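User: I want to learn how to read a few features of a model. Please give me the general idea first, then the case at hand.

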Amino acid sequence: MVAKAYTVAFEGVEARLVEVQCAISAGLPGFAVVGLPDKAVSEAKERVRAALSAMSIALPTKKITVNLSPADLPKEGSHFDLPIALSLLAALDILPKDEVEATVSLGELALDGRLIAVLGALPAAMAAAESDRALLCPRDCGAEAAWVGATEVLAAASLDEVVRHYTGQCPLPAAEAGEVISQRSGRDLAEVKGQERAKRALEIAAAGRHHMLMVGTPGSGKSMLAARLPGILPPLSAREALETSMIHSLAGLLTEGGISRDRPFREPHHTASMAAIVGGGKGAKPGEISLAHNGVLFLDEFPEFPRQVLETLRQPIETGEVMVARANAHIRYPCRFLLLAAANPCRCGYLSDPARACGKAPLCGDDYLGRISGPLMDRFDLRVDVPPVAYADLDLPATGESSAAIAARVARARALQSARYAEDDGLRVNADLEGRRLEEVASPDSEGRALIARVAERMGLSARGYHRVLRVARTIADLDGAQTVRHPHVAEAISYRFAPISKPDRK
């Protein structure tokens, strides 16, 4: 008689159902786990044996075979311990087979029978809900998994509690969802003196999720501006929070089962590897671009990143997803993020500062910003010069708008976009517009169209650049509450497109 339990194997953010089959038959005593397990799964038999021994349950002197089906799907991770133990206990008639089969389980076993938290409880709960089963997980994972809300989540502290639950001695209560976590900082744009154009560009970027590049001398306030961008972004919707939390669950970034409604803000160092930025490594884990899904990826000292790493951003920026291809796996992760980059105008940083002029100008600036290839530069919707602020201005009281006032305008613009694209599959903000839908909602008036035509002829506007100008103009119109895109909206969008900081790629 074969006993069955169910668990999941992770392929990116997707959790695929795995059937754990256990058969006890006559033959030489042994315990084998088959079905393409990795080292951690193969070692599960020793942890299960020790955990059952701690509960005074002895294994029979027979041949025990555990098969993980489908057998051609790679199985990785220690979360297979609990389902293997459950299938074995069901095969020994200690647990009722039908109740074990009605549950998806995951969890690592300690040698004394305790259940240890594992990664991926949230996507596992999604898979359990889709298969119309309950989820059984370690107690530390219960609050995270309960956020799905579409299935019953049972959280146990030990294997002994699981046995007593299935035998009716002490049923486990349903787990409750963790608290909503807010990590918003108190940084306010009103604290930034000067840089009004950069603040306006940040507002536009936040309203339409447009990619933005800031170039300025050291100490001009680029990092200070970037740190205040999260304060003007609207909170995640319920759908976006679940999408983002599933990725963070796989990366182990959810604390105490809480889900945040704040948009992610990731700022990797420029020494980060390609696997760290794009994803990969052991198990093809999500990279920074996926961890920033529905949020912001801030790359400071942008030209200092390795050229190969920067070029890998080109396709994810366009498609909103990344395929991590390995010899034994092709994992797809979502990565719709707002790319915010900051750079000095040259290696020494003072190319545009007349008081501390660069001695190698203008070649120093051309060579330094030339590390950013033309195709990658073309993907920035907003390019802003961030000049140094004079000491006399720093000594004056702050007069700019607060983050709260700007955030209110951004929220109104996002609400307009949500209503406009409610019936459009895959469209959420203006940055997602393309094709016929872009022409329908972002087509400018006659004066605006004539302006774009003149700019395209004189400045060599590419097809991608033309579409990005229209998207930015649509966002500016939304911030103004305008139904149609007019000439002033187009003019402002073009002014950010052809800022003097952009340098052609000389390589």
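User: Are Phe302 and Phe380 buried or exposed?

Analyst: Burial is read from relative accessible area: under 20% is buried, over 50% exposed, and in between partly exposed (1.4 Å probe, protein chains only). Phe302 and Phe380 are both buried. This is a predicted model, in which local features need pLDDT of at least 70, side-chain atom pairs count only at pLDDT 80 or more, and totals for chains, interfaces and linings use all residues. Residues are numbered from 1 along each chain as its sequence is written, and side-chain values use heavy atoms, without hydrogens and water.

User: How many aromatic pairs are there?

Analyst: Two aromatic rings are described by the distance of their centres and the angle of their planes. Rings of Phe, Tyr and Trp (its six-membered ring) pair if their centres lie within 6.5 Å; planes under 30 degrees apart are stacked, over 60 edge-to-face, and the rest tilted. The count by this rule is 2 aromatic pairs. Phe265 and Phe298 make a stacked pair, 6.1 Å centre to centre with 25° between the planes. This pair joins distant parts of the chain, 33 residues apart: Phe265 is in strand 13 (residues 265–266) and Phe298 in strand 16 (residues 296–299). Helices (H or I, at least four residues) and strands (E, at least two) are DSSP runs, numbered from the N terminus. Phe265 is partly exposed because its relative accessible area is 23%, while Phe298 has 3% and is therefore buried. Phe302 and Phe380 form an edge-to-face pair, with 5.7 Å between centres and 85° between planes. Their positions are 78 residues apart, with Phe302 in the loop between strand 16 and helix 13 (307–311) and Phe380 in the loop between helix 16 (374–377) and strand 20 (382–386).

User: Which residues does Glu288 touch?

Analyst: Touching means heavy atoms within 4.5 Å. Leaving out residues up to four places away in sequence, Glu288 touches Arg266, Pro268, Ala276, Ile277 and Leu297. Glu288 belongs to helix 12 (residues 288–291), and its relative accessibility is 14%, so Glu288 counts as buried.

User: At what angle do the axes of helix 8 and helix 22 cross?

Analyst: Axes are lines fitted to C-alpha atoms, for helices over the stretch in contact, with angles from 0 to 180 degrees between N-to-C directions. The axes of helix 8 (residues 196–208) and helix 22 (residues 487–497) come within 12 Å and cross at roughly 110°. Helix 8 is therefore roughly perpendicular to helix 22. That label covers 65 to 115 degrees; under 35 is roughly parallel, over 145 roughly antiparallel, and the rest oblique. On helix 8, Arg197, Arg200, Ala201 and Ile204 meet Glu492, Ser495 and Tyr496 of helix 22.

User: Which residues of helix 7 are buried?

Analyst: In helix 7 (residues 159–166), 6 of the 8 residues are buried: Leu159, Glu161, Val162, Val163, His165 and Tyr166. Gly168, with a positive phi near 80°, follows helix 7.

User: Where does Asp93 lie, and where does Asp132 lie?

Analyst: Asp93 sits in the loop between helix 3 and helix 4 (97–101), and Asp132 in the loop between helix 5 (121–130) and strand 8 (134–138). For a residue other than glycine, Asp93 has a positive phi, near 65°; Asp132 also has a positive phi, near 60°. Asp93 is exposed, with a relative accessible area of 60%, and Asp132 counts as exposed at 72% relative accessibility.
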